[in-house]
Amino acid sequence: MKLLVTANQTPFISGGANYHVQGLVEALRQDGHRVECLRLPFHYGEDHIRRQMTFVEGLEAIAPNDVSIDRVISLQFPGYGVAHPDHVVWLMHQHRVCYELFDPATASPSLARLRSEVEAFDTRHLGQARRRFANSPRVAERLARYNGLDAEPLYHPPHRAERFTCGDDWGYIYYPSRLEPLKRQALLIRAVALCERPVRLLLSGEGSQQAALEQLIELSGVRERVRLLGHISEAEKLTLYAHARAIAFPPFDEDYGYVTLEAMLAAKPLITCTDSGGPLAFVHPGETGWVAEPTPGSLAMALDDAWQKPRRAAEMGQAARQVYADHDIGWERVVATLLAP
Amino acid sequence: MSADDTIDQLVRRLRDASSSLSGQQPPVAPPIGDWRRSLSDLRDRQEQAFVLLDAGAPRLAELLSHDRDDRAFVEGLYRHLLGREVDSEGLEHYAKRVATEGRLAVAVELADADEALRHRRLTGQVLPARLEACRNWRGRLDRLGPLRDIGLRLWRRWLADMTRRYRPRWALEAATCRLLVQQSDWCEERHQLATALLEMDDRQRHFGARQDHEYARQQALWEQLAAWRRAITGLGGTVAESGGRPGEPVGDSRSQGDSREYDDLASELDAYYLAFETAFRGPEASLSAHLDHYRADWSLARQAGETALDLGCGRGEWLHLLRRAGFEARGIDLNATMVAHCREQGFEVEHQDALAALSSCETASVALISGFHIAEHLPFEVLFRLVGEAHRVLAPGGVLILETPNPENLIVASYSFYHDLTHRNPLPPPTLEFLCQFHGFGDTTLRRFNPPPETSRVPGQGPVVERLNAMLASAMDYAVVARKASSLDQGNP
């Protein structure tokens, strides 16, 4: 088949999304298809977004330059605005500032205007897609709530899933993520300060919150128990996963979250929050992890619980690994699902 | 097993474990640029001039720095006690005071400054006990009232005595501390270097594995290509055979009673030669342009008649040209694939040996005989007879053209002549010319073609360079153009 994959392009910002797009294109090629990835420049500015939506709607995707395309697979906003009779959408996320991150109290009038335009755009084009899949149940849930459209959750594996292993418990909780407000490292540090047990926490990653978090660690008096590791290598990340007692992942309303899957692959239980979104699809409270209220107190209880029962934590980790296996997460299944007739 | 060690020890242990993990990894690529970053960090790291073994609790010897000069002592004191660089005013002032009052007195005074107190409050720094004692005594002097000056003198003498007694020991201690600090820096740097190297090694191995993979793939492709070539050769042979007239012997002696195996090899060699021609001689079109150089010669020959015979006609470029010039041109070639190729284009071409072809021609029946790059393939006896027969067969005024690589060019003579493994030996222009003259061609001309690219010239001037260039840059091909005397000429003795 001749397949066109549409996605966004944001120069020099690479993250999970980039890996997701490349992984899909690679998997489709390995399955023997001719694949082109159409990457559309994306800019978050409101006027830019308006122009991008108009541009995408005018794109010729059925037979560009007289080469007919058999199927279009779209991953991101606004790329899913292209028109094609065999259009499959695998939704990574919508434009979040117009949805769950939209706050009427603080939003500018121009953002409020954009919001209704984006909502109409999404409802129209996603509604026209022949089939709809979502990156995670959380993304599907939002689509149902805001646009009244259903989508089937379709999971994909994290980068080089086969390399994650479980080693001896060296007594620390690990949280890898960019240091950004939505990731809520601060909440976790406050929780550690409230812990009754000498819980130790290692955080890796860089980001805008680095200085603020350093200060918070200082002020909370947990310098001996919490450490920011900054940027780490791939090997260090694997080691940190392997020897952790548990993985903490308390972000606000994550779409999917590779950390959840990586924790399961490393056979570690996960500590997350009731409003963390993506991780909730995988964590079975009390069996493969803890789901706490997004407050320092509630999280501290979960941390203490994980800390004082190392053996129980290890068992929960093994159960988590089994959950991953049961979900049959792999690119083969993704390709088979997206290319089903 | 490790809940007891401190968080720093834990982090160090994790980093160590991860570097050994890097060594065990299968050939996968770590993220690009990781090691580059740590190496450039290492390169750009400044040597720290003022570091303490324990910044939270400096030793008195470290503060007094008796292993360094007075100005370095003041700079260090500012850094350690006030947490900032010294300003030039402060440096001048205290450097002078050190000369009169000694380092210990200056250290006490700076430790008492408001700025130092603030610094200690912020950082939790603890002063060495002996410095604290000195400070206490100094504080008490202010309570002495009128006796204060005497007290101050005594206090200074006490400090001077102490300095005299301990100075060598302090100097040694300060130097040792500095060495210890340096050592721990080096340990850390060594660890970073080793990590970077391991990452590079890891990537190297990844590339190695990929290279092996590509090499194996290339091998497979070569094999596949050979199989295709064999299949195509088979097809070419069939075409040639079906094109030959039934009953007529194909080629010379070898067609009769030959085994199948021999035919297979012959047709494979034919295919090789066709491919070789394309690769080394250039495409047919560019060769046609070259042949156009002979325009004057064929025009002359045309006056002697309209039949032309091309010996070793190859892909038929020359036949093409002759036909356009109004000749009735025939060709012969020993390569069945080439013969088939020419016949496809509608030329009259026989699969025949050159000498046999000439022998079968009537005397004085042909206006133009040509042989492009065949002379160098022939044993001398055959070439000798070929030139003689050509003279017989040519009509009066007819022209013989023999083109061959030019050994006047050093590269041709020593190297490129041997590209074609069926070449025998280079033929120097005078030799070939003489051969024609010997057989009765009175009018012979040497034409030289195809100069090598300008880059093959040695740059510069002077007799040596010129001589060298004459050898390196002379034409790569030449031809003897020999004309049989016309009946008009023949009348003359």
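Predicted model: local features only at pLDDT ≥ 70, side-chain atom pairs only at ≥ 80, totals over all residues.
Trainee: What should I know before we start?
Mentor: Residues are numbered from 1 along each chain as its sequence is written, while chains are lettered from A and ligands numbered from 1 in the order in which they are written. Local features need pLDDT of at least 70, side-chain atom pairs count only at pLDDT 80 or more, totals for chains, interfaces and linings use all residues, and side-chain values use heavy atoms, leaving out hydrogens and water.

Trainee: How are the rings of A:Phe164 and A:Tyr241 arranged?
Mentor: Rings of Phe, Tyr and Trp (its six-membered ring) pair if their centres lie within 6.5 Å; planes under 30 degrees apart are stacked, over 60 edge-to-face and the rest tilted. The search of the whole structure gives 26 aromatic pairs over all chains. For A:Phe164 and A:Tyr241 the centres are 5.3 Å apart and the planes at 80 degrees, so the pair is edge-to-face.

Trainee: Are A:Phe164 and A:Tyr241 buried or exposed?
Mentor: Buried means under 20% relative accessible area, exposed over 50%, and partly exposed in between (1.4 Å probe, protein chains only). By that rule, A:Phe164 and A:Tyr241 are both buried.

Trainee: Which ring has the charged end of A:Arg245 over it?
Mentor: A charge sits over a ring if NZ of Lys or CZ of Arg is within 6 Å of the ring centre and within 35 degrees of the ring normal. In chain B, B:Arg138 lies over the face of B:Trp155, at 5.6 Å from the ring centre. The charged end of A:Arg245 is 4.4 Å from the centre of its ring, that of A:Trp307.

Trainee: What area is buried between domain 1 and domain 2 of chain A?
Mentor: An automatic or database assignment supplies the domain bounds, here 2-154 for domain 1 and 161-327 for domain 2 of chain A. Buried area is the accessible area (1.4 Å probe) that two parts lose on being put together, summed over both. Carbon and sulfur atoms give 54% of the area buried between these domains, which is about 880 Å².

Trainee: How many salt bridges cross that interface of domain 1 and domain 2 of chain A?
Mentor: A salt bridge is a side-chain nitrogen of Lys or Arg within 4 Å of a carboxyl oxygen of Asp or Glu. Across the interface of domain 1 and domain 2 of chain A, the number of salt bridges is 4.

Trainee: How far apart do the C-alpha centres of the two domains of chain B lie?
Mentor: Chain B is assigned domain 1 (29-205) and domain 2 (261-490). Their C-alpha centres are separated by 91 Å.
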